[in-house]
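Dear colleague,

I am passing on the structure below, followed by some notes on what was found in it. Please read the notes alongside the coordinates.

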Amino acid sequence: MLPMRQIADHKRVAELVDRLAEQIERQVSRRSEPGGLALVGIRSRGDVLAERLAQRLQPDHVGSLDITLYRDDLSEIGPQPVVRTSDIPFGLDGLNVVLVDDVLMTGRSVRAALQSLMDLGRPRRVWLAVLVDRGGRELPIAPDCVALDLRPEAGDEAAAIQPGERVEVHLKPTDPTDQIVVR
Amino acid sequence: MEYRWPHRHLLGLEELSAQDIRFLLRTALGFEDVSTRSVKKVPALRGRVVVNLFFEDSTRTRASFNLAASRLSADVLDFSGKGSSVSKGETLRDTARNIEAMGVDVIVCRHHLSGAAYQLARSVNCSVVNAGDGQHEHPTQGLLDIYTIARRFRRDEDFDLTGLTVAIVGDIAHSRVARSNIYGLTKLGAKVVLVGPPTLLPGGFRDMGCELSHNLDEVLPRVDVINMLRIQFERLTSQAFPSVREYAALFGLTRQRMKLARRDALVMHPGPLNRGIEIDSAVADGPQSAILQQVSHGLAVRMATLYLVTGVRS
């Protein structure tokens, strides 16, 4: 087991989720877009996060997206990752979609999620909301809403994440407790 | 240790563990909704090549593998044994190695000889999926039958079939579908009752953990699933039964006979149907029939198969 340090306990996680919800609210209302609002979480933490945000934001739809079949590393040698089901029981055409994920790093999951969304329909607009941005982008992808910015360039040197470290968001009921840890 | 799918080939259900079968079927669940979306395609096997190498007639299996590969964005090459160099005397091994030299990732093979897929897997470096070898196995048909049963009886959380009884009826001796079903069903905990005339139901099947019966009317009231096999006129060499009419009278699933079965019993058939022989139209098209679901589930199961075998390298 690798050494693990906690950077947010369950109270802090609750604050961060609130902060993210507020940002999304501002982002969406500022534009007073026509069409309904949908929160779509990327499995397997973004979907739990989307459900939490939905309790506050009351969107028209909530869904979850499994991006396994859209990953860009499937042709690399190695066993195939586990495929789960996507759960988007509504048409995406013309909707304003907030794509929700727990941690943003390389941007590859987001790229896969965008391609998957486009195969399901034609959303009117897509925003990206993440709980943590830890930096390390490999693709030109930028979030619209971030609750906790841990990129070195964000200025908080004490909190900054080293390149070899992994940021994990734990959320109930998938995990036993709400917290953010670094290992 | 987290489970990893370990098989580069899918040759039969005999060599799969219960855990392998459950993992493949769970993967198929993830593929089922691809067929209901506006864009019925995912990029998972983009740039890969799947070859259908069929030495025996087939419509639905071939079409199903073809569509499964297309929906995974693989390139598909259709290769028929008939009217090709095979009829000029080329061996299976040479044919396969020539095809492999074109840069192929998966060969899906159907052959009239039992064990052909195994021989193929030994001669090539790419993945081999058995789409039916003689009277031996037809693993994807077995898997899609089990998937259909699990979906209907809400066992698709864990794919544990304990407590379910499945009757497989007809020409068991010549049936690769029966063999794959028996291996898979018993591994997942189901009870299997084989029903047919003594000439088509050798006693050796008892050793595979099945109950044997020659009386369909006695079996019907106590089973959850009735899987009717096709009478394979092309494989029956000697006189297995006196007449087709007699066979239909004793082992055909008629509307009258269905009254003996449970109201929630599921009727299945791997197709193509001999209507009026092993199954009546009223039953095949009736409310308890899952025959068309089997076909659509076959697509998801074959997508899962192609996806999983291509992830394993030698």
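At what angle do helix α5 and helix α6 of chain B pack, and how far apart are their axes? This is a predicted model, in which local features need pLDDT of at least 70 and side-chain atom pairs count only at pLDDT 80 or more, while totals for chains, interfaces and linings use all residues. Residues are numbered from 1 along each chain as its sequence is written, chains are lettered from A and ligands numbered from 1 in the order in which they are written, and side-chain values use heavy atoms, with hydrogens and water left out.

Helix α5(B) (residues 139–152) packs against helix α6(B) (residues 176–187) at an angle of about 55°, and their axes are 8 Å apart. Helices here are DSSP runs of H or I with at least four residues and strands are runs of E with at least two, numbered from the N terminus; axes are lines fitted to C-alpha atoms, for helices over the stretch in contact, and angles run from 0 to 180 degrees between N-to-C directions. That angle makes α5(B) oblique to α6(B), oblique being what remains once angles under 35 degrees (roughly parallel), over 145 (roughly antiparallel) and 65 to 115 (roughly perpendicular) are set aside. On the α5(B) side the residues that meet α6(B) include B:I146 and B:I149, and those in α6(B) include B:V177 and B:L185, where contact means heavy atoms within 4.5 Å.

β5(B) pairs with β6(B) (residues 191–195) in the parallel sense over five bridges, and B:I168 stands opposite B:L194.

Finally, B:H297 in helix α11(B) (residues 291–309) is buried, with a relative accessible area of 8%. Leaving aside neighbours within four places in sequence, the contacts of B:H297 include B:L144, B:Y147, B:T148 and B:R151.

Notes
Two strands pair if DSSP finds at least two bridges between them. Buried means under 20% relative accessible area, exposed over 50%, partly exposed in between (1.4 Å probe, protein chains only).
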